[in-house]
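User: I have a model open and want to learn how its pieces pack. Can we go through it together?

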Amino acid sequence: MLQSCVCFGKRRSKRRSSSFEDSSSCRSSEIERGGELLSNSKNGHAGGSGNSILKFLRSKGLQRNWRKAERGMSMTKAERTMKAALLIQRWYRRYRARMEIRQRCTWNIFQSLEYSGEHDQVKLYDFFNALLIHIPQHRGTLGQTVSRKSSIAEDALPPFDDFSEEKEDEEQGHKPPVLKMPFDKKDITNLIDLFRKRKYNRLGIHAIVLILRESIVSLQRMPNLNSVSTAISRQITVIGDLHGKLDDLLVIFYKNGLPSPENPYIFNGDFVDRGKKSLEVFLLLLACLLAFPGGIFLNRGNHEDTVMNARYGFINEVNTKYPKNGEKLMKLIEEVYRWLPLGSIVNNRILIVHGGISDTTDLDLIKSLDRGKYKSILRPPITEGSTEEIDKTEWKQIFDIMWSDPQIKDGCFPNTLRGAGTYFGPDITQKFLAKYKLTFVIRSHECRPEGYDVMHNGKVITIFSASNYYAIGSNKGAYLKLDPHLEPHYVQYISQASKTKSLTFREKIGFIESSALKELGAKLRDNRDELESHFIQNDPKKTGKVAMNVWCEALERATKLQLPWRVLREKLAPGPIVVKQNGVTYVDYESTLELLDTDIVRMAQAEMTTVADSLYKYKSSLEVLFRILDKDGSGYISLDEFSDALDILQAHLPGHQSKEDLMKLCKLMDINKDGQVDLNEFLEAFRLCQKERESVAISRINHKRISIPSSPATQMSIRKSLQPPKRLAPEGDIDPADHDPSAVEKLHSRGQ
């Protein structure tokens, strides 16, 4: 221990005392206890403590140059050295503990916000599906209509002539590579070289259509659960969520090689959303599927769903990169989604699915169901021309393997954080594996700080391959390699390592923390008026301060994120705290409101996509919803009609909001106050939600400020909370060699 301290680092060769160094390096905790006893003896409490420390020193041969404290002599050189080492050790441990607390709080913020967004999205579509199911005369109008036995002929897909080259490519004279079937390794290499560039990296529209059309035909021939064998390859690589992180995919190929029958891959869903290169990741994986038959297997994830894509960015990315063809491309992509296999089984011993299992998971049923019915997992399939009820048992099977998460305790419970799927415990895993004679389950779906996690006594493995998922430096990515004996080994990595190479440990934590606080601030700003009202009610004397418990309660009520608000107080309420005589701590809530009014938080709020925003992108669904509510077909929704619909919904879908609150929402939609809502008013309510966000992004001035100006020190604290310590280097071409080599080489076996 002492050899690694600063005191010894520079002069180790001149200060080698074998007995001293050996004892200090091997027994650091014992020395620390001895140092504390020595300190007590010098304060006049010698007694038994002094005898103990002397015995300790004699046993180590250190007593020769020591003097008794009561003689008033100064400390010897050895005493000063050891005391300095102990102080450094104590300081370092406290420093690391504080950094660990900050890391855990930041992680908690990111994960809570992610799950909250998914829960809101699922809850909205539960509302739609309840309307669809429980108002029979409109069944089939809002769901996804499919034929009785799903299939698709190649000539039924949009023809090439429906797609035209983008204007930007024509103006810049950009000539992307030309692709022709069959694809080979050279085509894949050309695609990688194209996609990794910062400029002129777009594939031609007809090449994209070719990849999508050929992939649909190829995927349709595959079973619901891929049957994978290692008889030839003797190994296989499993990749978790990528979420549009092309740099991570290229690092994997750089380190592990391109797919082939001798080097097979299983990609376990969630290829798109959140990342800026989702389309490139998706197209590259599909191209590999066509170029290397038997060398790559694709499983469907919960984000291979256009409902999720509307909320988490993929649809917006496609429309931005290909504005003339975006809508038609998404129709082709949706066809790819519906034919992606639901999972894979390796050597009949290992199940690989995106989410997990439940106490009702039935592999035989999953193998036999018609997956082509499910263009979207969140919308129920409606069989064309059929009056049969929706098969909820079959639908739940897909929901559970896409959305479920493992838990530590036994049992199987609804996944309340995500709003879909289940939490399954070790007992559920054990019964499932015994029933189907499996060894363990590999799943993804959850970001992990180290890129992987092992639960249920090694029977459930989580693998997550998107490094820097929440922010630069927030987490490692990992992939899993199964050896000839199907023992798993984990390879970790961090892409874009050069971006954080110059940052200190404290600066890295600060950068991640500032990203988390911006997202949390945007969430709080959505409820700013509610927060301010709650604060004012509890501050009758208008002091600008409320009790700590009141402040925490207000933030929890506004977000429902269950975060450690007291720990976050220093960042979210940077103003000074006041402790009254009764022991109650008072928080400066004005600084919280000022933080929410900063340009940084306002811009973060504008970049967020809410449920209303994503819903407005599906105007056709809104029109169908309007027709469902308009029972008499008059073209208007009366308060009575809205009330009748709410009665049906509350009977089958009890929610958090009361009927009175929902009726108030209906009255707000009535813009001209004539007592009924027409279609234009109905659509306008959702359009205004989107318009408000766009106006926030444009307007950076004249926004509401709090009444009491804060001190310069508070303003400085607010800026430090939200701004990263350093700016990162600008983005350039993706370099797959730019990763953390120390993280890549770490290999671990299962259960360690």
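User: Which residues in α19 meet α22?

Analyst: In α19, Arg 528, Leu 531, Glu 532 and Phe 535 meet Tyr 589, Leu 593 and Leu 596 of α22. Contact means heavy atoms within 4.5 Å. Five of the residues in this contact are nonpolar, none are polar and two are charged. Here Ala, Val, Leu, Ile, Met, Phe, Trp, Tyr, Cys and Pro count as nonpolar, Asp, Glu, Lys and Arg as charged, and the others, Gly among them, as polar.

User: What should I know about the model and its numbering?

Analyst: The model is predicted: local features need pLDDT of at least 70, side-chain atom pairs count only at pLDDT 80 or more, and totals for chains, interfaces and linings use all residues. Residues are numbered from 1 along each chain as its sequence is written, and side-chain values use heavy atoms, with hydrogens and water left out.

User: Back to α19 and α22. At what angle do the axes cross?

Analyst: Roughly 170°, and the axes come within 11 Å. Helix α19 covers residues 528-537 and helix α22 covers 589-596. Helices (H or I, at least four residues) and strands (E, at least two) are DSSP runs, numbered from the N terminus. Axes are lines fitted to C-alpha atoms, for helices over the stretch in contact, and angles run from 0 to 180 degrees between N-to-C directions.

User: Are α19 and α22 roughly parallel or antiparallel?

Analyst: The two helices, α19 and α22, are therefore roughly antiparallel. Angles under 35 degrees count as roughly parallel, over 145 as roughly antiparallel, 65 to 115 as roughly perpendicular and the rest as oblique.

User: Now α18 and α21. What is their crossing angle?

Analyst: Roughly 95°, with the axes of α18 (residues 505-525) and α21 (residues 565-572) coming within 12 Å. That makes α18 roughly perpendicular to α21. From α18 come Glu 513, Leu 517, Leu 520 and Leu 524; from α21 come Trp 565, Leu 568, Lys 571 and Leu 572. By class, this contact of α18 with α21 has six nonpolar, no polar and two charged residues.

User: And how far apart are the axes of α9 and α10?

Analyst: They are 9 Å apart, and α9 (residues 246-256) packs against α10 at an angle of about 35°. On the α9 side are Leu 246, Leu 249, Leu 250 and Phe 253, which meet Glu 280, Val 281, Leu 284, Leu 285 and Cys 288 in α10. The contact of α9 with α10 has eight nonpolar, no polar and one charged residue.

User: Switching to sheets. What is the strand order in the one with β17?

Analyst: The order is β17-β19-β18, an open sheet of three strands with antiparallel pairing. Two strands pair if DSSP finds at least two bridges between them. The edge strands, β17 (545-547) and β18 (578-579), each pair on one side only.

User: Which residue is the bridge partner of Val 578?

Analyst: Tyr 586, in β19. Two bridges join β18 to β19 (residues 585-588).

User: Which helix lies across β17 and β19?

Analyst: Helix α20 (residues 548-559), running at about 90° to β17.

User: Last topic. How many aromatic pairs are there?

Analyst: The structure holds 16. Rings of Phe, Tyr and Trp (its six-membered ring) pair if their centres lie within 6.5 Å; planes under 30 degrees apart count as stacked, over 60 as edge-to-face and the rest as tilted. One of the pairs is Phe 282 with Tyr 337, edge-to-face at 5.9 Å centre to centre and 65° between the planes. Phe 282 sits in α10 (residues 278-291) and Tyr 337 in α13 (residues 326-339), 55 residues apart.
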